[in-house]
Amino acid sequence: MTTLCDRVKAYIDNVEQVLQQATAIRELDPRHRYIIELACSYVSDAKYYLEKNDCFTSLACIAYAEGLLDSLRYQNIISFNWKPLSELLKRPRVLVAGSFEFLHPGHIYLLKRAWELGEVYVVVSRNRNFTRFKGREPIMDEKERLLIVENVKYVSKAIMGDEEDFLKPIVELKPDIVLLGPDQWIQPDELKSLLEKKGLSNVRVEKLESRIGEWSSSRIIERIKNKYC
């Protein structure tokens, strides 16, 4: 789910990497060095307009910079290869887990924060685990909860959890980041330690400390009971 600005930023990063190589070359004719300096100016303009969310002007500026560098390459003045944009756009894999009994603003806030960190994968708890942890059956079946979560625009993929080993989906997905919700029972350090024992020593574990309002499935159920029952 990359935007135009995401692609332009990757484009700028690509050109900047080549510029770093080019500016390090000492044996350049002053005319060629001037072209490199001009390309640097266009990169600076591209970054300025990108910060202002003017992606189209930023794109035009970085295209000029690319063209200048290509002109030097075609003359065999400098040598480089552009990286594929798909490689530059690759985002970290972020895992979120929860019951998602029914979606509320707190869930959307969590998923959006996860999406800001990378590509979002969600593990939805099984009915059996839900009942074990909450002491009651879920209002919606696990398949229904999975269907709803996988259709949220911030989510790339949603899968079922494991009934016996909650770490199993994490080990299989091998995320770069695990984002815990504010109410989840396990602490980041504890989860990090458990994952290291499973061979996942490079996984970053974070916890969302703040929330939007007092949203939770249990509170919503209580409000419905108090108002309508």
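**Helices and sheet**

Modeller: Happy to. H1 and H3 pack at an angle of about 25 degrees, and their axes lie 10 Å apart. Helices here are DSSP runs of H or I with at least four residues, strands are runs of E with at least two, and both are numbered from the N terminus. This is a predicted model, where local features need pLDDT of at least 70 and side-chain atom pairs count only at pLDDT 80 or more, while totals for chains, interfaces and linings use all residues. Residues are numbered from 1 along each chain as its sequence is written, and side-chain values use heavy atoms, with hydrogens and water left out.

Biologist: Why are H1 and H3 called roughly parallel?

Modeller: Angles run from 0 to 180 degrees between N-to-C directions, using axes fitted to C-alpha atoms, for helices over the stretch in contact. Under 35 degrees counts as roughly parallel, over 145 as roughly antiparallel, 65 to 115 as roughly perpendicular, and the rest as oblique. The angle of H1 and H3 is about 25 degrees, and the two are therefore roughly parallel.

Biologist: What makes H1 roughly antiparallel to H2?

Modeller: H1 and H2 pack at about 155 degrees, with axes 10 Å apart. The cut-off is over 145, so H1 is roughly antiparallel to H2. The crossing of H1 and H2 is left-handed, a term used if the near helix is turned anticlockwise from the far one by less than a right angle (clockwise would be right-handed).

Biologist: How do you know that H2 is roughly antiparallel to H3?

Modeller: The axes of H2 (residues 30-51) and H3 (residues 55-74) come within 8 Å and cross at roughly 160 degrees. That makes H2 roughly antiparallel to H3. Contact means heavy atoms within 4.5 Å, and the residues making it include Ile-35, Tyr-42 and Leu-50 of H2 and Cys-61, Leu-68 and Leu-72 of H3.

Biologist: How do the residues of the contact of H2 with H3 divide by class?

Modeller: They divide into 17 nonpolar, 3 polar and 1 charged. Ala, Val, Leu, Ile, Met, Phe, Trp, Tyr, Cys and Pro count as nonpolar, Asp, Glu, Lys and Arg as charged, and the others, Gly among them, as polar. The contact of H1 with H2 has 12 nonpolar, 1 polar and 4 charged residues.

Biologist: Now the sheet. What makes E1 and E2 a pair?

Modeller: Two strands pair if DSSP finds at least two bridges between them. E1 (residues 93-98) and E2 (residues 119-124) run parallel and are joined by 6 bridges, so they meet that criterion. Val-96 has Val-122 in E2 as its bridge partner. E1 and E4 (residues 177-180) run parallel with 2 bridges, and E4 and E5 pair in the parallel sense over 4 bridges.

Biologist: Why are E3 and E5 called edge strands?

Modeller: The open sheet has 5 strands in the order E3-E2-E1-E4-E5, with parallel pairing. E3 (155-160) and E5 (204-207) each pair on one side only. From one strand to the next, the twist averages 25 degrees.

Biologist: What makes the β-α-β unit of E1, H5 and E2 right-handed?

Modeller: A crossover is right-handed if, with the strands pointing away from the viewer, the path from the first strand over the helix to the second runs clockwise. E1, H5 (residues 105-117) and E2 make a right-handed unit. H5 lies across E1, E2, E3, E4 and E5, running at about 160 degrees to E4.
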